[in-house]
Amino acid sequence: MTAGQRGKFGPQVPRITVEVPVLGVGACPDDYEGLGRFVDALRRPRGLHMTLLHLGILDDLVGDIVAWTKGNTGADEATPEIVSWLRELLVLEGFLGMSNRVITLGNGRVSGLEVDVPQGVHDYQGLLVQGLHVLLDQLGLDNIDDFILSSPALGYRSPRWVPHIAVGQPKTRHQPPIEIAPIPVAFGESRIRNGVLLPMPM
């Protein structure tokens, strides 16, 4: 999932996502370092995460909503509703996943570990998407599926969620999936990335 580089304050404005942090990959540090055989520019283990729902830059998402509704829903209405919805989300408890595949994402620019996760994680992610549908409906949007797939802020390219963590760059541009020895991946409880930057309720 990617998003446009708009943002009222420039391209460095942090994006808002619902994610789970990666607590560990493999049984020891060497397990993760070994992925360097398959990808370039291997990312540091600290900071790895799995995105469950990408909302993008808040101002941009609000702008997309205002444009879609032709101004019938204003920014002063959409912003607090989105923030309130995010703050009320239930927390997903930590879990253990398993990966045996390196895949290419982002039009060939990113390598990721595809992760098999418990069904409860798929259910939680599905509830996030359903909740987003309800939120957008309450904000007066029509053709919500079309909006989700076309909103530059949300940045969706496919309605299907593939559980993965980005770990580096492909060694070749359109690198096919690589099968690897199974490796466990431990995740912490869900959180809102950059949630501290959300506006405080009035």
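View 1. Glu19 forms a salt bridge with Arg191, in which the closest N and O atoms are 2.9 Å apart. Because Arg191 belongs to strand S8 and Glu19 to strand S1 (residues 16-25), this pair ties together parts of the chain that are 172 residues apart in sequence.

**View 2. Surroundings of Ser190.** Ser190 is placed in the loop between strand S7 (178-187) and strand S8 (191-193), and it is buried, its relative accessible area being 8%. A polar atom of the Ser190 side chain lies 2.7 Å from the backbone nitrogen of Leu92, while a polar contact at 3.5 Å joins the side chain of Ser190 to that of Tyr124. When residues up to four places away in sequence are not counted, the residues that Ser190 touches include Glu19, Val20, Leu52, Leu90 and Val91.

**View 3. The salt bridge between Asp40 and Lys171.** The side chains of Asp40 and Lys171 meet in a salt bridge with an N to O distance of 2.8 Å. This pair links distant parts of the chain, since Asp40 lies in strand S2 (residues 39-40) and Lys171 in the loop between strand S6 (164-170) and S7, 131 residues apart. Asp40 is partly exposed, with a relative accessible area of 31%, and Lys171 is likewise partly exposed, with a value of 40%.

**View 4. The salt bridge between Glu179 and Arg101.** Glu179 and Arg101 form a salt bridge whose closest N and O atoms are 3.3 Å apart. Glu179 is exposed, with a relative accessible area of 54%, whereas Arg101 counts as partly exposed at 29% relative accessibility.

**View 5. Model confidence and residues 1-11.** The protein chain has an average pLDDT of 91, and 94% of the residues score at least 70. Over residues 1-11, however, the pLDDT is below 50, although this stretch has 30 contacts in the model beyond near neighbours in sequence. Where pLDDT is low, the predicted coordinates should not be read in detail.

Note on methods:
Residues numbered from 1 in each chain as written. Predicted model: local features only at pLDDT ≥ 70, side-chain atom pairs only at ≥ 80, totals over all residues. Heavy atoms only, no water. Helix = DSSP H or I, 4+ residues; strand = E, 2+ residues; numbered from the N terminus. Buried < 20%, exposed > 50% of the residue type's maximum accessible area, 1.4 Å probe, protein only. Polar contact = N/O pair within 3.5 Å; in protein donor to acceptor, adjacent residues only side chain to side chain. Contact = heavy atoms within 4.5 Å. pLDDT = per-residue confidence, 0-100. Salt bridge = Lys/Arg side-chain N within 4 Å of Asp/Glu carboxyl O.
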